[in-house]
Protein chains: 4
Amino acid sequence: MKFKIHSDITYQVMSPTTFIFNVHALRTESQHILDESLIVTPPIEIEEFSYNSGTSRFVRLKATENTTFSMSYTATVDTQYKVIDQRQELETVPVVDLDGDIIPFLFPSRYCQSDKLQKLAYKEFGKIENVYSKVLAITDWIYNNVEYISGSTNSQTSAFDTITERAGVCRDFAHLGIALCRALSIPARYFTGYAFKLNPPDFHACFEAYIGGNWIIFDATRLVPLNGLVKIATGRDAADAAVASIFGNASSTNMHVECASLDTDFTPFWYDKNSLKGLSFQ
Amino acid sequence: MKFKIHSDITYQVMSPTTFIFNVHALRTESQHILDESLIVTPPIEIEEFSYNSGTSRFVRLKATENTTFSMSYTATVDTQYKVIDQRQELETVPVVDLDGDIIPFLFPSRYCQSDKLQKLAYKEFGKIENVYSKVLAITDWIYNNVEYISGSTNSQTSAFDTITERAGVCRDFAHLGIALCRALSIPARYFTGYAFKLNPPDFHACFEAYIGGNWIIFDATRLVPLNGLVKIATGRDAADAAVASIFGNASSTNMHVECASLDTDFTPFWYDKNSLKGLSFQ
Amino acid sequence: MKFKIHSDITYQVMSPTTFIFNVHALRTESQHILDESLIVTPPIEIEEFSYNSGTSRFVRLKATENTTFSMSYTATVDTQYKVIDQRQELETVPVVDLDGDIIPFLFPSRYCQSDKLQKLAYKEFGKIENVYSKVLAITDWIYNNVEYISGSTNSQTSAFDTITERAGVCRDFAHLGIALCRALSIPARYFTGYAFKLNPPDFHACFEAYIGGNWIIFDATRLVPLNGLVKIATGRDAADAAVASIFGNASSTNMHVECASLDTDFTPFWYDKNSLKGLSFQ
Amino acid sequence: MKFKIHSDITYQVMSPTTFIFNVHALRTESQHILDESLIVTPPIEIEEFSYNSGTSRFVRLKATENTTFSMSYTATVDTQYKVIDQRQELETVPVVDLDGDIIPFLFPSRYCQSDKLQKLAYKEFGKIENVYSKVLAITDWIYNNVEYISGSTNSQTSAFDTITERAGVCRDFAHLGIALCRALSIPARYFTGYAFKLNPPDFHACFEAYIGGNWIIFDATRLVPLNGLVKIATGRDAADAAVASIFGNASSTNMHVECASLDTDFTPFWYDKNSLKGLSFQ
């Protein structure tokens, strides 16, 4: 699966400001960067770095006051994914058997207050035996109970708000999915990426749940086929994997995102609650 | 500085339950374990593991239903600390110069919603130039404005609550300190440990701020001398470093904690806003 | 329907404190006080007053510091209620036709943030045509989704908390019911009273919804028969109708409540979603 | 003091919608309407009503779907105010001596969660003896700690949010002032009105505190002279006294507000913390 991805963001900078960007396609065993370029106009020195065990490729730069700059990223990416039969996943992996580096994804985080959603999660989803079916039921519930309304939320909105206010965008759908999984002792993490067929084009967010030893992708928005995703980063929630973290005073004046398939035979992959197939980008 | 530390916790277990404990003294360059023992009664298989770049030593065990067990930890620990002159720390390290693994401690987390406290933090502390003095002013403000009231908060209480309700325990004081630091772009992390002279004896929580390349300890409670601390773990907040995370149905029926100095000449170290000395356990 | 009601509360008073009590049975067209007595021991001057258009009978007193007093109320009350056929109530009374004094019960209040629950309320209950059936569905939903757990909430808990945390006591069940009604433009108010067959005996709280020109009683707890209620007060929420509002420093050291039927043939009345009968104490 | 006031609001109505408007100048002993006119274009039947003991004059109308209408109100108003010496008001009126109809203004309400602000209020303002000086200190604190930022908040924003986020508009400043007063057992209520010299012109909100038997006006925004206010309504908070409460689906497409002085010698009146003069519109 080859994709051509592109993003272009322009910022107006009022005071000296450090930006941490998260726009590069991630390099993983199943995602190869065939070519890529990052152009900052006018030129500003940038630094790429990573943390979180390599689950993101941050770019950092410092812009001076009263300037405007744009950052343009283009890449060709080859992604592979596994389709994993989930019929045998009858139980959540016991916490006692989880790898140490999975444990943090069980804990509540800024936008995913799983500790506040325990009773609700058990009442709604506790009786579903198969773990994959349980997470799929969570995404169906979100799809059916939360309205997708552009501009209805902001960078402070969390799962605790969304469970009551029932409106949000992809980021909010992902946070609520993660919070409900963690409330049921299923490790879950935030996924941000490019998405083929997303309309209007934009960065996308969804989430991964750890089932049977694999990180399985889920998307409660149903806006894009699951195999049309190109991973930028994963993290505990959007605090770890925001497209841009801004330390200073600057505002985005323009943003343009594209994701095109280079395959002539792209076959959209969607979940079906009867077939129990899970897709993993691991 | 040698300390004898001890903790003893008993749990009554109603259903099969996994426990993740965080009671071991951490091994660091400046903290050596001279001897230690962990005894679970009746014996249950335990596993020690770590994550978060070695900033904690978790112990995991699974207890069966309708049982009672106790976990007793005893150690002799030699801690060293550096006293670092902070007079030259006139500015926060620019985000652009921070090491990648420090960056996560700038982001908001479950109990430290720094994104919501930015205006308040700038208004109250923004004009203080020296970073150490700024963090010390934060701890003074918390000490003067938040009442220490045992039992006034619970495991869901966060900095967002405490800034309004103005009551809490050591954990809440630490979360608020961390949130205010991060709101000012100062990396900060949660510290949990044993504390000499804490009365009544208990586990203690405070926080570290990253100043001039060192993690400097701060404690807004003023309950214990800073050099009487023995580090158990650091993390983003209590979600990462709780004494016990319980996955199942169990409740603590007894807890006993001790921390004694083995030095005959323990000299308490407290901060003084005139001398600008910072203490680091790094 | 005759009831013998009794309440006895003892307070320890640390500083000069004014109490506003709400323990008297209300006098209404359908509720007659056959006899009553209020005894304060030791004697303190009390004053009875009312506001909110006579929907409560407050008693006010001022206690001096370092004292203990108890207030004992006993009454015999004759209550009548109407059973009103709700089959024809196919629509909410349009706001444009509501009496002016009903309007405030459409607005959000301290513990009933109906403005935050609009989407949730419409999604869950918006399609039910008959108003009575709609409110009954709200109480069924609360009964099925919120756990009744003594001591799980406090005086600051509101409908906004309960919709997420899914635990509470009668007061929380009532607040959530009111908030969901108002979110659907159905006027609703808090009801506090004595309740026959409540076990353990205590003051009780439920709510009234304004349907077809009558205030119809609803109780999402299903703890008591609806015709076993003796009204103390109604108000926007518990802020208006708390059993005791305390201005000073005092704490309750003992509370005892009783409600006995004096009829030999008390027939419990419960709602049945097929018969569409509504009970009103108006 | 004579004022010419005018407001003009246009709504686009998507579905059948009831509006409750609050735009008329209130008739009180100290505020006389010399002339007024209300024109709805195209004509729609309207009904004027009042509740809350006559502290507002509501207008209600019902618009049909897919229509546009505008409501234009013009009046000439004569207001008188008393300037009351506050030097002797050394203590809050004890709750035990308050009139019954003042009591509700002590209780928390939707946007004024005074129960959550008690410790903060006592810590910041508890030691100020003179009640007027105490409320003035509250307004000074709000002015100095909360930024006035147009568009920073919405209709769900409450004092609980503002105390942390430290940004808002006149409505938020008023809610926070009310909440802090009530937390200190000072009755306080929301005031909405027209305001001379408000720039840009708009409806205004501030609050009244009950001191020494009078409702004294306070305005933490410092945007307008206190004697340039024309009262529309008072209430517990904006839930009671919103300019427009909309039951249906409609949005405002245009709003225009004016307030001009008809006196040639208007002398602005502002508070001065040394002279202790309070202004009352009672």
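Let me start with D:Ser114 and what surrounds this residue. Beyond the neighbours within four places in sequence, D:Ser114 is in contact with D:Leu106, D:Phe107, D:Pro108, D:Ala179, D:Arg182 and D:Ala183, where contact means heavy atoms within 4.5 Å. D:Ser114 itself sits in the loop of chain D that runs between strand S7 (82-85) and helix H1 (118-125). Helices here (H or I, at least four residues) and strands (E, at least two) are DSSP runs, numbered from the N terminus. The relative accessible area of D:Ser114 is 3%, so D:Ser114 is buried. Buried means under 20% relative accessible area, exposed means over 50%, and partly exposed is in between, with a 1.4 Å probe and protein chains only.

A word on the basis. This is a predicted model, in which local features need pLDDT of at least 70 and side-chain atom pairs count only at pLDDT 80 or more, while totals for chains, interfaces and linings use all residues. Residues are numbered from 1 along each chain as its sequence is written, chains are lettered from A and ligands numbered from 1 in the order in which they are written, and side-chain values use heavy atoms, with hydrogens and water left out.

Next, chains A and B. The contact involves 35 residues of chain A and 35 residues of chain B. About 2,800 Å² is buried between chain A and chain B, and carbon and sulfur atoms give 59% of that. Buried area is the accessible area (1.4 Å probe) that two parts lose on being put together, summed over both. On the side of chain A, the residues that lose the most area to chain B are A:Val96, A:Phe107 and A:Arg110, together 22% of what that side buries.

Which polar pairs cross between chain A and chain B? The rule finds 14 residue pairs in polar contact, both residues at pLDDT 80 or more. A polar contact is a pair of N or O atoms within 3.5 Å; within protein, one must be able to donate a hydrogen and the other to accept it, and residues adjacent in sequence count only if both atoms are side-chain atoms. There are also four salt bridges between chain A and chain B, a salt bridge being a side-chain nitrogen of Lys or Arg within 4 Å of a carboxyl oxygen of Asp or Glu. A:Asp240 and B:Arg236 meet in a salt bridge at 2.6 Å, N to O.

As for the elements involved, strand S2 (17-21), strand S4 (46-49), strand S5 (58-63), helix H5 (238-241) and strand S14 (244-247) of chain A each supply at least two residues of the side that touches chain B. S5(A) gives the largest share of that side, three residues. By type, the residues of the side of chain A that touches chain B are 16 nonpolar, nine polar and ten charged. Ala, Val, Leu, Ile, Met, Phe, Trp, Tyr, Cys and Pro count as nonpolar, Asp, Glu, Lys and Arg as charged, and the others, Gly among them, as polar.

How do the two copies relate? Within chain A, A:Arg60 forms a salt bridge with A:Glu47, with the closest N and O atoms 2.8 Å apart. A:Arg60 is in strand S5 and A:Glu47 in strand S4 of chain A, so the pair ties together parts that are 13 residues apart in sequence. A:Arg60 is buried, at a relative accessible area of 3%, whereas A:Glu47 is partly exposed, at 35%.

In chain D, the side chains of D:Lys277 and D:Asp85 meet in a salt bridge at 4.0 Å, N to O. This pair links distant parts of the chain, with D:Lys277 in strand S16 (residues 277-280) and D:Asp85 in strand S7, 192 residues apart.

Last, chains D and C. The contact takes 35 residues from each of chain D and chain C, and the area buried between them is about 2,800 Å². The rule finds four salt bridges across this interface. One salt bridge joins D:Arg236 and C:Asp240, with N and O 2.5 Å apart, and both residues are buried.
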